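Subject: Structure handover

Hello,

I am passing this structure on to you, with the sequence and coordinates below. My notes follow after it.

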Amino acid sequence: LVSGCATSSTVSTAEMTEGQSQDFTASYEVVKAAAVEAVERMNVDVQGTDETPARFQIRFSKPISAFSWGEVGAVNVVRIDDASTRVYVNSEKRSQMQVTGTSERQFAEEIFSNISESIARLQP
């Protein structure tokens with residue numbers, strides 16, 4: 001059973017293009033700030049962030065609840081050009097046997113919606 005459990009490293013070391021994606025018409029710096037705000041507004045624990053020349057990553061986890069063994073996820077912010085940025089949301093349920101909990105699509109929809117709201121406020 002232990003081998004079937006997802007951890008933060010499961011999603012943080014996956015290809016940065018794994019998961020659901022959405023493009024935003026805003027600079028990399030604006031989308032990066034919006035993504036941090038987006039995840040902080042959710043019912044998740046932020047595990048950390050880091051940046052490489054290729055992407056900015058936010059790692060998060062959702063704790064065990066009455067309905068779920070919890071989930072882990074990563075948000076990767078990738079520069080397309082000066083005015084466009086792509087965001088990828090990759091998440092896994094901690095237990096592969098788990099049928100309840102938050103799906104990757106549900107996380108992505110909430111994160112993308114939150115990013116859009118933040119961009120509208122942050123962008124000049």
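Please keep in mind that this is a predicted model. I begin with the strands, then turn to the helices and the core.

The sheet

Strand β2, residues 45-51, pairs with β3 in the antiparallel sense, and six bridges hold the pairing. The two are joined by a hairpin of four residues. One of the bridges links V46 to F60 in β3.

On from there, β3 pairs with β4, again antiparallel, over seven bridges. Here F56 stands opposite V77 of β4. β4 in turn runs antiparallel to β5, with 10 bridges between them. A hairpin through two residues connects β4 to β5, and V75 has V89 of β5 as its bridge partner.

The remaining pairing is that of β1 with β5, antiparallel over five bridges. S21 is bridged to Y88 in β5, and F24 stands opposite T85, also in β5.

Put together, the five strands form an open sheet in the order β1-β5-β4-β3-β2, with antiparallel pairing. β1 and β2 are the edge strands; each has a single partner, so one side of each has no neighbour in the sheet. From one strand to the next, the twist averages 20°.

Is β3 largely enclosed by the rest of the structure, or largely open? Six of its seven residues are buried, so β3 is largely enclosed.

The helices

α2 lies across β1, β2, β3, β4 and β5, and runs at about 165° to β4. α3 lies across β1, β3, β4 and β5, and runs at about 15° to β1.

α2 has 13 residues and spans 18 Å from its first C-alpha to its last, close to the expected 18 Å at 1.5 Å a residue. Which residues of α2 are buried? They are Y28, V30, V31, K32, A34, A35, A38 and V39. These buried residues pack against β1, β2, β3, β4 and β5, and against α3 as well.

In soluble globular proteins, nonpolar side chains tend to be buried together. In this model the largest nonpolar core has 24 residues, and those touching the most other members are V31, V75, V87, V89, I111, I115 and I119. At least two residues of this core come from each of α2 (28-40), β3 (56-62), β4 (71-81), β5 (84-93) and α3 (104-122). α2 gives the largest share, seven residues.

What is V89 in contact with, leaving aside neighbours within four places in sequence? The contacts are E18, G19, Q20, A74, V75, E104, F107, A108, I111 and F112.

Regards

How values were computed: Residues numbered from 1 in each chain as written. Predicted model: local features only at pLDDT ≥ 70, side-chain atom pairs only at ≥ 80, totals over all residues. Heavy atoms only, no water. Core = buried A, V, L, I, M, F, W, Y, C linked by side-chain atoms within 4.5 Å. Buried < 20%, exposed > 50% of the residue type's maximum accessible area, 1.4 Å probe, protein only. Contact = heavy atoms within 4.5 Å. Pairing = 2+ DSSP bridges. Expected span 1.5 Å × (residues − 1). Axes fitted to C-alpha atoms, helices over the stretch in contact; angles between N-to-C directions.
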